[in-house]
Protein chains: 2
Amino acid sequence: VALVWKAPGEIWERLPNLKAILSLGVGVNHVLGQKDVPNVPVARLLDEHCTQAMAEYVLHQVLRFHRLDPDYAEQQRQRTWQFHPARIARDRCVGIMGLGELGQAAASMLLSVGFRLSGWSRTRKAIANVSCFAGDAELDAFLQTADIVVCLLALTAQTEGVLNARVFAALPRGAFIINCARGEHLAEDDLVMALDSGHLAGAALDVFRTEPLPDSHPFWLHPKIHITPHAATGTHAPSAARHVAENIRRLRAGESLLNVVDPAVGY
Amino acid sequence: VALVWKAPGEIWERLPNLKAILSLGVGVNHVLGQKDVPNVPVARLLDEHCTQAMAEYVLHQVLRFHRLDPDYAEQQRQRTWQFHPARIARDRCVGIMGLGELGQAAASMLLSVGFRLSGWSRTRKAIANVSCFAGDAELDAFLQTADIVVCLLALTAQTEGVLNARVFAALPRGAFIINCARGEHLAEDDLVMALDSGHLAGAALDVFRTEPLPDSHPFWLHPKIHITPHAATGTHAPSAARHVAENIRRLRAGESLLNVVDPAVGY
């Protein structure tokens, strides 16, 4: 059994008896994108700690925009005392792109606080109190519902660059974007244009096409972009170890593994 | 019936037939502190919108500290890519001072996200999943539990200046303070000393002894203080109007009013 994050590609030919590949992270795009990966089950790491941390990250970033944190921080720098009436959560709709385990956990936490929720996914889902949209045909209808969009999609050939100028234009004016999936989901120049035109009001980004984000990258100092360094969630050893041990036990017992990936779909 | 916020003191003698005073805000310290207030019921405005907005404010400020927002904002200004492992909510205890309607609403929302909760109040309360402490004798035991302290006390002679050097010293090193009750709860110089010594890690303040906060006040530019301009909650006309109308109806019907204050206690 190989426990891997970003394994060097040449490692696979030296593991002739491999029975399974267990990713030590949520994503598997770095494994599935390699050449000569053995034809064995590949499982993602999706434990309770990781899911909870991601849901909290999303909630925090949603509340930052919902409660005008960037505006109040700027007012503090200017020593300006100006009150803005507080909207409450039920007056705001959060649209989640990607309704897998992470998207559903985030939706559930946001619902418990009182937000309205919509969701968009490749295949149709039915989730209590979430307006669910599916597939390309319903993408625009989904976007029109969302005051704040959260990307929690898996990275596949179909979702690469999905956060682009066409999608931004379909959002209501003043919408916010939160990307905590993969940097490749975002068309970076399109985002800067949508922010600078005033159509989008802000973005919180945890992932980037190049990580660490290069010193010279314009995102660092953009006044409407909030950056976290791929910190939304991470592998928590005590929780991850239990998940890995359980998958090894299942393998030995001939049972199906937890969180196995379909290579044809990419997640 | 007088609907008031900060009414001029001389108004009361001109209202000889007054049957009730309905505050248009949550606090009534500005009414009870006046001279010659007629001996009629005084009711606070505590409607669903106001309570929800306050609970959301508390949750947002707790998440700001819990998820290291001030650190990541500073890293962004410095273009520094440095990941800090995410703690999850159940690893953090939020201590709420004041377990009235607002304190209980905040506790309930924080519990739903997964935080551990403790609470302190003048009279003993019993709230599911909240470790409740009461009175001066149990204040230190309460403070020792709290990674993040939220002040939602009413302002009375007993609670004026309750957030002071002695209380800060009893908190664990690295604790955070959130004050969204009244500016008079806080000993301002004590807070700056506790932050500058490194004992406290940060403070989020929505209320101040003088509002608007004066231009020259040192809080504005303190790197560990986050300021909002008395914006945690506010009177929302559609919701407030229903509350006021219901209290007038009750008065006419001879029923007891909602949210009546005990002048002897101060809230």
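Biologist: How many residues does the contact take from chain A and from chain B?

Modeller: In this predicted model, the contact takes 50 residues from chain A and 50 residues from chain B.

Biologist: What area do chain A and chain B bury between them, and which three residues of chain A supply more of its share than any other three?

Modeller: Between them the two chains bury about 4,400 Å², and 61% of that area lies on carbon and sulfur atoms. On the side of chain A, Gln76(A), Arg79(A) and Trp81(A) supply 20% of the area buried against chain B, which is more than any other three residues give.

Biologist: How many salt bridges are counted between chain A and chain B?

Modeller: The count is four. In one salt bridge, Arg90(B) is paired with Glu48(A), and their closest N and O atoms are 3.2 Å apart.

Biologist: Turning to chain A itself, at what angle do helix α2 and helix α4 pack?

Modeller: Helix α2 (residues 48–66) of chain A and helix α4 (residues 101–113) of chain A pack at about 50°, with their axes 8 Å apart. Angles from 65 to 115 degrees count as roughly perpendicular and those under 35 as roughly parallel, and α2(A) and α4(A) are therefore oblique to each other. The crossing in which α2(A) passes α4(A) is right-handed.

Biologist: Which residues of α2(A) and α4(A) meet?

Modeller: From α2(A) they include Met54(A), Val58(A), Leu59(A) and Val62(A), while those from α4(A) include Leu102(A), Ala105(A), Met109(A) and Leu110(A). The residues of this contact of α2(A) with α4(A) divide into 12 nonpolar, two polar and two charged.

Notes. Residues are numbered from 1 along each chain as its sequence is written. Chains are lettered from A and ligands numbered from 1 in the order in which they are written. This is a predicted model: local features need pLDDT of at least 70, side-chain atom pairs count only at pLDDT 80 or more; totals for chains, interfaces and linings use all residues. Side-chain values use heavy atoms; hydrogens and water are left out. Axes are lines fitted to C-alpha atoms, for helices over the stretch in contact, and angles run from 0 to 180 degrees between N-to-C directions. Helices (H or I, at least four residues) and strands (E, at least two) are DSSP runs, numbered from the N terminus. Angles under 35 degrees count as roughly parallel, over 145 as roughly antiparallel, 65 to 115 as roughly perpendicular and the rest as oblique. A crossing is left-handed if the near helix is turned anticlockwise from the far one by less than a right angle, and right-handed if clockwise. Contact means heavy atoms within 4.5 Å. Ala, Val, Leu, Ile, Met, Phe, Trp, Tyr, Cys and Pro count as nonpolar, Asp, Glu, Lys and Arg as charged, and the others, Gly among them, as polar. Buried area is the accessible area (1.4 Å probe) that two parts lose on being put together, summed over both. A salt bridge is a side-chain nitrogen of Lys or Arg within 4 Å of a carboxyl oxygen of Asp or Glu.
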